[in-house]
Amino acid sequence: MIAGSIDDEATMAIQSTPETTQVNGVTCDSPVDENDRILSIQSHVAYGYVGGKAAVFPLQCIGYDVDVVNTVNFSNHTGYERFGGTRASAEELASIFKMMDEIGLLSPHRLLTGYIPNAAALEVVKELAQKLKSRNPHLIYLMDPVLGDSGKLYVSQDVIPIYKVMFSFATIITPNWFEVETLTGVPLLSLSALHNALSILHKHVQHVIISSIPLQPWLSKILPETMQPPASADNQQAYLLCISSSRTIGTSSHSTVHARLVPLIAGYFSGVGDLFSALALGHFNPSPTPSDSKPHSVTQTPLSFAAAAALHKTHSILEFTNAFAARLPPEDRTTTDDELDAAEPVRKLKRMRGRELRLVQGQHILREEWREGQGKDLQFWDGFWDSF
């Protein structure tokens, strides 16, 4: 009787079609192919949501099976300053990949890579990506070249040339502004610099998403009027720009560029880039067909569609997390102060804990079906290449 009751409730809560699923009244995305499997290779933490912990659950929420290989196993993310655990060696990663291959478990349709701890480990991942791409030229590989942020490297310099070689295997890359500068050697200080950086990246990879660029005066000056912050916006409000750029292979034409601003949410949040990259991969459909339930209009590309979904859902999760943090007791939501944090380490620990992404509690955001034309699309940047 108990089992029957559970089954009845499940039947009422979940209604499926081949393209979508409804869970408690929310229409959710499902992959076009139910066998569309993702191999995720990135960091892991026991507590909190960064790396694979910020990527795997969201991908499962939109219907993907995800195989997981951890490049590090830490107690918590490094923003806490105190953490313990181990980094996977190149030999350990190679052993895992070898065994998966030998027993027929290494045939993903999509590949996602994030933080890799050192050059030796990255070489192993590079060899794997090359092998998978040679076996399946249609493999969709999203490479998040996790190097650093805000002008600071998280990794050693010797991984940079390896990432540059790996561009040729990637379908999509998702660097932030600092990683773009590091990988191209071009400081992003003008439209011509942005042109040069994208041109360098597109020599090797078809699809580029610059996940975030702070809206500085030079960038504000060149943005089309339709992309500018609303006239009613607070002058003190900071913004970030997300750019998608897709280039047609085999042509000499410039890439198609889309962009959208979002308000910067103040505070230190970890795992945001990992979440964004996972959602971008999950929502990317490179070859929509007329029968596809998620068609792209002439103003959108498959990449801009995926980037828009990832940007909207990531920003919504951040708003949801920030609202939770704002309701915590004052001692758990202190502002960043290096001197006070050094004198009282538990102060920072409480603040970090309160700002962990609320993925489980916000899973309704992740599961929501994404369709073009909801007012959150990236906008086509008409004339972007005119002065190049």
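Visitor: Which residues does leucine 39 touch, not counting residues up to four places away in sequence?

Guide: In this predicted model, leucine 39 touches Asp67, Val69, Met100, Leu106, Pro108, Arg110, Leu111, Leu112, Leu128 and Leu132. Leu39 is also among the residues that touch the most other members of the largest nonpolar core, which has 65 residues. Helix H4 (residues 119-135) gives the most to this core, with eight residues, and apart from it lies another core of 41 residues, among them Ile38, Leu142, Ala309 and Ile365.

Visitor: Why is phenylalanine 178 called buried?

Guide: The relative accessibility of phenylalanine 178 is 10%, and buried means under 20%, so phenylalanine 178 counts as buried.

Visitor: What makes the pair of tryptophan 177 and phenylalanine 178 edge-to-face?

Guide: The ring centres of tryptophan 177 and phenylalanine 178 lie 6.0 Å apart, with the planes at 75°; since rings pair if their centres lie within 6.5 Å, and planes over 60 degrees apart count as edge-to-face, the pair is therefore edge-to-face.

Visitor: Why is the pair of tryptophan 381 and phenylalanine 384 edge-to-face?

Guide: Here the centres are 4.9 Å apart and the planes stand at 70°, and with the cut-offs at 6.5 Å and 60 degrees, the pair of tryptophan 381 and phenylalanine 384 is therefore edge-to-face. Tryptophan 381 counts as buried at 5% relative accessibility, and phenylalanine 384 is buried with a relative accessible area of 2%. Ring pairs link Trp381, Phe384 and Trp385 into a cluster.

Conventions. Residues are numbered from 1 along each chain as its sequence is written. This is a predicted model: local features need pLDDT of at least 70, side-chain atom pairs count only at pLDDT 80 or more; totals for chains, interfaces and linings use all residues. Side-chain values use heavy atoms; hydrogens and water are left out. A nonpolar core is a set of buried Ala, Val, Leu, Ile, Met, Phe, Trp, Tyr and Cys residues joined through side-chain atoms within 4.5 Å. Buried means under 20% relative accessible area, exposed over 50%, partly exposed in between (1.4 Å probe, protein chains only). Helices (H or I, at least four residues) and strands (E, at least two) are DSSP runs, numbered from the N terminus. Contact means heavy atoms within 4.5 Å. Rings of Phe, Tyr and Trp (its six-membered ring) pair if their centres lie within 6.5 Å; planes under 30 degrees apart count as stacked, over 60 as edge-to-face and the rest as tilted.
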